[in-house]
Amino acid sequence: MRDENKKHTLAEDVRLLRKAVGLVWQTDKRFVICSVWNACISALYPYLEIYLAACIVDELAVGRNMEKMVFYVTALAGAKFFFGALQDKIGGMKRTWEAPLYYMQEMLLGEKILTMDYENIEKSQIQEQRKRIREYQETFGGDLKTVFGHFEEILCAMVKIPAALLMIGEMFLVLPPEGLGRFSRFLASPASSVCIIGYALFTSWQMLRISEKNVAVQFSESEQEIGAGRVLDYYTQTYIPDYKTGKDIRLFCQNRLIEQEMDKVRAIHNGINARIMKKVGKYNGARAALEGLLTGIIYLLLGIKAMLGVMSVAGVVQCAQSVQELSYAVNGLMSGIGFARKRLQSMEPLFAFLEIESVKYRGCLPVEKRRDNRYEVEFRDVTFRYPDTSVNVLEHLSCKFVISNKMAVVGRNGSGKTTFIKLLCRLYDPVEGEILLNGIDIRKYDYKEYLGLFSVVFQDFKLFGFELAQNIAAGAAFDEKRVMDCVERVGLAGCVAGMKKGIYTPVTKDFSGEGAEVSGGEAQKIALARALYKNAPFVILDEPTAALDPLSEAEVYANFDCLVGNKTAVYISHRLSSCRFCDEILVFENGKIVQRGNHETLVANKEELYYRLWQAQAKYYQ
Ligand code: ADP
């Protein structure tokens, strides 16, 4: 990962700009085409107006031809109307097509999170990066839409500068007449025109410095807002909107605490804004003074040239305004580049995030499809610890088993049972050692195909806020009969019959007031139904009855064979009574398998852990 605080080289920024523009192009080509048109029209239209105004002045001062005068006035009015309407139209089209840009950035991020290696998601470094992306977007405008806006600004300036140079040609064409004094001769000469351009560019540079200070103030003050913004986001977007927290807020009078915290954040924001406004006001005043001075000096010098007979009145109008346009264009170009570079730097976390490599997808071997579901799994000297931790959760674990029937993984809380399953399902890769499926390292298999082998219900499963059937099918489209079959097998039929729209009822109220409010036990049954619907060869259930009442629990055990059918089931529990029916039981302790066998053989060994756990729990079930 790159260091986002490191200053970029120009080449790096150009690469990032190309990438940003490329992403916008991919999202909507029409938006890019519209923006290029807009930049060209914004760059060239002022010169048309300046040219026609100069022609009118010329007719007034010299030609005095009424027909030509009417023509120029009509052309000026027509051009104003036509280009005004055109810019309005293009602006409208741009606004329509730029909306998806924001979603596109969100979609890119979402897609990346959905497909990145699971273990990356919980790394603190990556979580920090995700926060930075949003904060930089909100605080510094580090997003595609804003950066593209600067691209348009740069493009406009690049068209404007050569056009301005063409328009000011008259300033250099006529040599001073004979008989003038030294100073007048200089004022009338092309050399003084070069000085005027030099002064205009010097003013641009001064204005640029002011802009840079302005930007620096805004960026550095805004940086201090980030910490306060996190607190505000936490309260306003996470804590308060979740109606479930309403209970705690009321019972523990947390509103006082929240109000105090919000007041602190508000005070920080107000202080920062006041400081920004004070400094920005000062800079804007200086800018306006420079602009006024530039206009005055240009008109004065060009006016003198006209009086000395080296320029026409129309030429003064055309050149004075064009020199100012040149100055603004140079300023626009430089500040556009400066802003774009700063914004691109703030997009660094986003680009770096999108570039995170997913090693899980490297494998390409197809997974053998066995009709008898007899898959041989081997953990070979596997050691594992979670990201950002230093304690091994599994330590030199070696075991080999053929999963063909029902297998249980038991042990005390925290002994590593769920972790063992997470490794089997390749949510994480071992830190040392390897896991083999039918003699081949599971990293070599095609990741999606390999994941397709497992239907897992973890304890901390999550349901979508969508329809019940979509939750069970884990997709927008589903087979209604299959959904109903799974609903019945897990004992949810009664509950579904009571729902307003049956299997079409949303399972939360997030999107619709008609959504159901399912209990923990019902949610667990829905998760079970989802595992059955997937119809994978391995069904893995992690404490599948933890949230169920005793009757539902007994029902699940009684129907267990019917539930999983002829599939291989791996069953994780610390409740030993619920694993008795399994053909093989692995007993975990401190990240190792300390015993294995069926219930009868394990319970017969009174010296070992299984017997002690069994005894400790048995008294509650007698
Ligand atoms: P079990 O399923 O046997 O109750 P787990 O496999 O869930 O145990 O957890 C084993 C150990 O790993 C515990 O000490 C737990 O705190 C730790 N652990 C589990 N998940 C994570 C995680 N995502 N990050 C860090 N440590 C974890």
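Tutor: Happy to! Rings of Phe, Tyr and Trp (for Trp, the six-membered ring) make a pair when their centres lie within 6.5 Å; planes under 30 degrees apart are called stacked, those over 60 edge-to-face, and the rest tilted. By that rule, Tyr375, Tyr445, Tyr450, Phe454 and Phe538 form one aromatic cluster. Before we go on, please keep in mind that this is a predicted model, in which local features need pLDDT of at least 70 and side-chain atom pairs count only at pLDDT 80 or more, while totals for chains, interfaces and linings use all residues. Residues are numbered from 1 along each chain as its sequence is written, and side-chain values use heavy atoms, with hydrogens and water left out.

Searching the whole structure gives 22 aromatic pairs. One of them joins Phe384 and Tyr386: the ring centres are 5.0 Å apart and the planes meet at 80°, so this pair is edge-to-face. Phe384 is buried, with 2% relative accessible area, and Tyr386 is also counted as buried because its value is 17%. Here buried means under 20% relative accessible area and exposed over 50%, with partly exposed in between (1.4 Å probe, protein chains only).

Tyr386 also leads us to the ligand. The residues around the ligand are Glu122, Tyr386, Thr389, Val393, Arg412, Asn413, Gly414, Ser415, Gly416, Lys417, Thr418 and Thr419, where a residue is near if one of its heavy atoms lies within 4 Å. This shell holds two nonpolar, seven polar and three charged residues. In that count, Ala, Val, Leu, Ile, Met, Phe, Trp, Tyr, Cys and Pro are nonpolar, Asp, Glu, Lys and Arg are charged, and the others, Gly among them, are polar.

Polar contacts come next: these are pairs of N or O atoms within 3.5 Å; within protein, one atom must be able to donate a hydrogen and the other to accept it, and residues adjacent in sequence count only if both atoms are side-chain atoms. Tyr386 has a polar side-chain atom 3.5 Å from a ligand nitrogen, and a polar side-chain atom of Glu122 lies 2.9 Å from a nitrogen of the ligand. Ser415 takes part through its backbone, with a polar atom 3.1 Å from a ligand oxygen. On its own the ligand has 560 Å² of accessible area, and the protein covers 63% of it; such areas come from the Shrake-Rupley method with a 1.4 Å probe, and for residues, only the protein chains shown count as cover.

Back on the chain, Asp381 lies in strand E1 (residues 375–384). Helices (H or I, at least four residues) and strands (E, at least two) are DSSP runs, numbered from the N terminus. Asp381 has a phi near 50°, a positive value in a residue other than glycine, and its 36% relative accessible area makes it partly exposed. Most residues other than glycine have a negative phi.

Lastly, two rings have a charge over them, meaning that NZ of Lys or CZ of Arg is within 6 Å of the ring centre and within 35 degrees of the ring normal. Arg209 lies over the face of Trp205, 5.3 Å from the ring centre. The charged end of Lys282 sits over the ring of Tyr283, at 6.0 Å from its centre.
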